[in-house]
Each structure stands twice: as C-alpha cells, then as structure tokens.
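Welcome! Please take a moment to look over the sequence and the 3D view before reading on.

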Amino acid sequence: MDEFLAGLGENALLALPWVFEFWALPHQLPPAGAWKSWVIMGGRGAGKTRAGAEWVRAQVEGARPGDPGRARRVALVAETLDQGREVMVMGDSGILACSPPDRRPDWEATRRRLVWPNGAVAQVFSAHDPESLRGPQFDAAWADELAKWPRAEAAWEQLQFALRLGEHPQQVVTTTPRNVAVLKAILKNPSTVLTHAPTEANRAHLARSFLAEVEARYGGTRLGAQELRGLLVEDVEGALWTTPRLEAARIDRAPRLSRIVVAIDPPVTGRAGSDDCGIVVAGAVCEGPPQDWRAVVIEDASVSAASPEGWARAALAAMDRHGADRLVAEANQGGDLVASVIRQQDPLVALRLVHATRGKHLRAEPVAALYEQGRVQHLRGLDRLEDQMCRMTAQGWTGRGSPDRLDALVWALTELIVEPAERWRAPRVRRI
C-alpha cells in the first residue's frame with residue numbers, strides 16, 4: 001500500500017478519498033450484469049447507507065463536473081421525509097458527505113431535492129405517502145430501510161411505475177432485513193441481485209465497545225441474526241412459535257434448577273448430508289404442583305454429520321457440562337441400536353428411550369402451549385433451534401430436512417413438564 005501511494009501524483013492523492021471503488025468493502029460494490037434491483041442487505045452499521053449514496057453518485061456524475069452521467073432524475077425514498085433528509089442526504093454516510101467539492105450537489109430544502117452541477121436532480125420522497133410517487137418519473141432510485149416502511153407494498157409499487165426513463169432504469173435497496181412480504185417478493189424476482197454483510201464486516205468504522213455490547217446482548221438470538229448478521233429471519237404464517245414470543249422468553253442467566261435433562265433426536269445415518277443430530281439441554285424449576293413448573297432451555301448442543309459414536313459422545317458431554325440427571329433419546333429410527341451406542345460410551349448413564357406415536361406437529365403443540373403460558377425461557381445461543389421452532393405450524397413442518405433440534409426440544413420439555421403435569425391430572429383410583 002505504501003509503495004502504491006508513493007507512486008501517485010499530488011492530484012491523484014487529492015482525488016483518492018473520493019474514489020469509492022478503492023475503499024469499498026465487497027458488499028458495497030454493485031454486482032455485474034443487467035439487473036433491475038440491487039438489494040444490499042446487512043446488519044446495523046454494515047455500511048449500507050454509504051453504498052447507496054456512492055451508487056447514486058456513480059449514476060449521476062460524469063467524467064468531469066459538468067458532464068452528464070447515466071442518470072438525470074433520481075428518486076430517494078425513505079420511511080419519512082426527515083429520515084430521507086437526515087440520513088440519505090445529510091447523514092455522515094449520505095450523498096453530501098460522499099461528494100467531492102467540485103461535484104457536490106446543492107440541497108434545495110423547500111423542494112426537498114439535490115441539484116448537481118451537471119443538472120442531475122434527486123428528489124426525496126416519504127414511504128408514508130406512496131401517492132407522491134404518482135406522476136414523477138425517474139431513471140434511477142435509492143430506497144433506504146425498505147423493510148420498515150409502513151406502507152411498503154404501495155410505495156414500492158408506485159416507485160416501479162415511476163422508474164421508466166432511460167435505456168435501463170435501476171434501483172438500489174439498502175435495508176436491514178425483516179420478515180415482510182415486499183422484501184421477500186423483491187428477493188424472489190429474477191431481475192434482483194443481492195449482496196449481504198454482517199455488522200462485523202464494517203468493524204473498522206465502528207466503536208469497539210458497540211460491537212462488544214451488541215454481540216453480548218444479541219449474539220446467538222433470532223433478533224441478532226436479523227440485526228447483526230443481516231439475515232432474513234422468517235416466521236411462517238400459522239407457526240406455533242413466533243420471533244416476538246421467543247424474544248419475550250429471553251433471559252441472561254438460568255435460575256436454580258431442580259432437574260436437568262439432555263434430549264437427543266438421532267439421525268437415521270451419520271453420513272455427510274444426513275440430518276443433524278438434535279441435542280438440547282433443558283432444566284425445570286419444580287415448585288408447587290407440576291402445572292406450575294417452569295422450564296429453561298439451556299443449550300443447543302446439536303451436531304452435524306456425526307457418526308453414532310460421535311453424537312453419543314456429544315450428548316454425554318452435554319450431560320457432564322450441565323450436570324444433567326437423565327438422557328432422553330428417541331428410538332424410533334434406531335431401536336435398540338440407539339441404546340447400545342449410548343451404553344457403549346457410558347454403561348451407567350440414566351437413559352430413557354422414547355417412541356413417537358404421533359406426528360411431529362402434534363407432539364409439539366403441548367410444548368408450544370407452555371410458551372403461550374410464559375412457562376418456558378431461553379438462554380442465548382439458540383438461534384438455529386429457534387429458527388426451526390418458527391417453521392413448525394399446526395399443519396406440519398414447513399422447513400427443509402428434518403426439525404431435529406425442535407424434536408429434541410419437544411422430548412426434553414415433555415420429559416420435564418408435559419408428562420409430569422399429565423400424570424398429576426390423571427384421575428386417582430381409590431382401592432377398597
């Protein structure tokens with residue numbers, strides 16, 4: 001780098017801060033190809049706004065300050081007019097901050113628009129008012145934080161009708177993902193390209209204390225997967241569990257537990273490409289009658305593509321870590337083999353084999369009811385398990401493969417809470 005900089009002349013050095021291609025992270029550069037929509041999806045602080053502002057610059061600027069660029073009319077659409085002005089136009093990573101002095105546009109506040117020296121114009125619109133996009137026409141657009149627009153579908157539709165100038169009008173969407181229909185529809189469109197990055201990718205420009213704090217607070221949660229890793233976390237319609245319910249169940253430390261179990265859902269095979277072996281650790285606070293007992297899900301210790309000996313060792317190691325009282329293992333797939341494999345690793349382990357007689361969704365419903373009653377809490381680090389939970393509906397499993405982690409969770413909470421409560425409610429027969 002030093003050798004490269006030493007070889008530049010004075011003018012080149014003065015221009016270098018404004019050459020975004022030199023400084024950009026990979027996810028901030030537009031993909032090649034004749035795409036219509038470029039979605040930049042990332043965690044908080046991942047550099048999405050800067051990428052959007054620099055893309056607008058690249059569209060409107062020509063080779064020299066007065067030369068025309070590819071785009072002449074640009075729509076800047078934000079959730080509100082204030083956010084459009086303060087973030088997209090005047091923000092630290094906004095268009096004005098990114099523009100070199102000889103190409104910096106003028107902000108006309110009364111008309112809510114930027115005007116460049118070459119005559120290009122960018123106008124700010126609010127997603128609260130989709131009808132304001134009816135009438136104007138553009139050859140480029142930047143939509144910021146689309147996933148939280150209040151009238152997203154209507155605003156997006158009006159923007160598509162307005163994007164009709166030039167040979168190939170394009171638009172960029174910068175957003176932290178949310179489970180909203182309009183974003184999912186855009187991503188499924190064949191003319192859409194996607195770049196993605198977590199918050200961590202832009203760590204050089206973020207406070208270390210911020211990264212440490214948000215990772216400690218949200219790491220390993222579905223909210224963290226969305227807000228920090230920039231992943232689209234979907235809740236299936238009619239799911240037995242939802243993200244808000246699971247976030248409401250979050251705790252930082254487990255209380256004193258009366259009993260701890262490790263539940264295991266072994267895969268049919270241990271070859272590469274087979275289902276994971278679901279291993280979940282949970283404990284219960286057994287105070288009062290069983291219908292008042294509460295549970296805490298402690299760890300998702302599931303393993304991938306493990307041999308029978310591998311998943312057995314992983315389950316026993318989880319028991320040792322947490323001082324578990326019992327290992328509960330589903331034996332539908334392996335029968336006596338499951339017990340044999342576990343006993344080979346530890347002949348004295350307290351083992352209970354369980355057999356599924358009902359469908360997965362039917363077994364899951366009593367466990368989901370415990371969450372509705374507020375009787376189950378989660379420690380952090382269970383995001384992959386929680387993702388499976390939010391894909392199970394009353395009609396069945398909607399995800400790919402097998403809900404192995406969810407199956408293990410159901411067996412654990414059935415052992416700890418559901419079956420003790422059922423035995424308590426069973427009628428007692430008096431002997432005469």
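## About the model

This is a predicted model, in which local features need pLDDT of at least 70 and side-chain atom pairs count only at pLDDT 80 or more, while totals for chains, interfaces and linings use all residues. Residues are numbered from 1 along each chain as its sequence is written, and side-chain values use heavy atoms, with hydrogens and water left out.

## Overall form

Let us begin with the whole chain. The chain has 16 helices and 16 strands; helices (H or I, at least four residues) and strands (E, at least two) are DSSP runs, numbered from the N terminus. The radius of gyration is 28 Å, well over the 22 Å that the globule rule gives for 432 residues, so the chain is more spread out than a compact globule. That radius is taken over C-alpha atoms, and the globule rule is 2.2 Å times the number of residues to the power 0.38. Along the principal axes, the C-alpha atoms fill a box of roughly 100 × 55 × 35 Å.

How much of the chain is buried? Of the 432 residues, 47% count as buried, where buried means under 20% relative accessible area, exposed means over 50%, and partly exposed is in between (1.4 Å probe, protein chains only). The chain exposes about 21,300 Å², and carbon and sulfur atoms supply 50% of that area. Accessible areas come from the Shrake-Rupley method with a 1.4 Å probe; for residues, only the protein chains shown count as cover. Among contacts with a separation of 6 or more, 70% come from residues 24 or more positions apart; a contact means heavy atoms within 4.5 Å.

Helix α8 spans residues 181–188, and its V182, L183 and I186 are buried. Seen down the axis of α8, these buried residues fall within an arc of 100°, so they line one face of the helix. The arc is that of the directions from the helix axis to the C-beta atoms. The cover over the buried residues of α8 includes β1 (37–42), α7, β7 (170–175) and β8 (192–197).

## Salt bridges

How many salt bridges does the structure hold? There are 29 salt bridges, each being a side-chain nitrogen of Lys or Arg within 4 Å of a carboxyl oxygen of Asp or Glu. One of them joins R259 and E415, whose closest N and O atoms are 2.8 Å apart. This pair links distant parts of the chain, with R259 in strand β9 (residues 259–265) and E415 in helix α16 (residues 404–425), 156 residues apart. R259 is partly exposed, with a relative accessible area of 23%, whereas E415 counts as buried at 6%.

R352 and E419 also meet in a salt bridge through their side chains (2.9 Å, N to O). R352 lies in strand β13 (residues 351–354) and E419 in helix α16, so the pair ties together parts that are 67 residues apart in sequence. R352 is partly exposed at 26% relative accessibility. Another salt bridge is formed by R391 and D387, with the closest N and O atoms 3.2 Å apart. R391 is partly exposed at 21% relative accessibility, and D387 is partly exposed at 25%. Salt bridges that share partners join R259, R326, R352, E415, E419 and R423 into one network.

M1 lies in the segment before α1 (2–6) and is exposed, with a relative accessible area of 65%.

## Positive phi angles

Which loop holds R112? R112 is in the loop between β3 (106–108) and β4 (113–115), and its phi is near 55°, a positive value in a residue other than glycine. R112 is partly exposed, with a relative accessible area of 32%. E145 has a phi near 50°, again a positive value in a residue other than glycine. E145 lies in the loop between β6 (140–144) and α7 (152–162).
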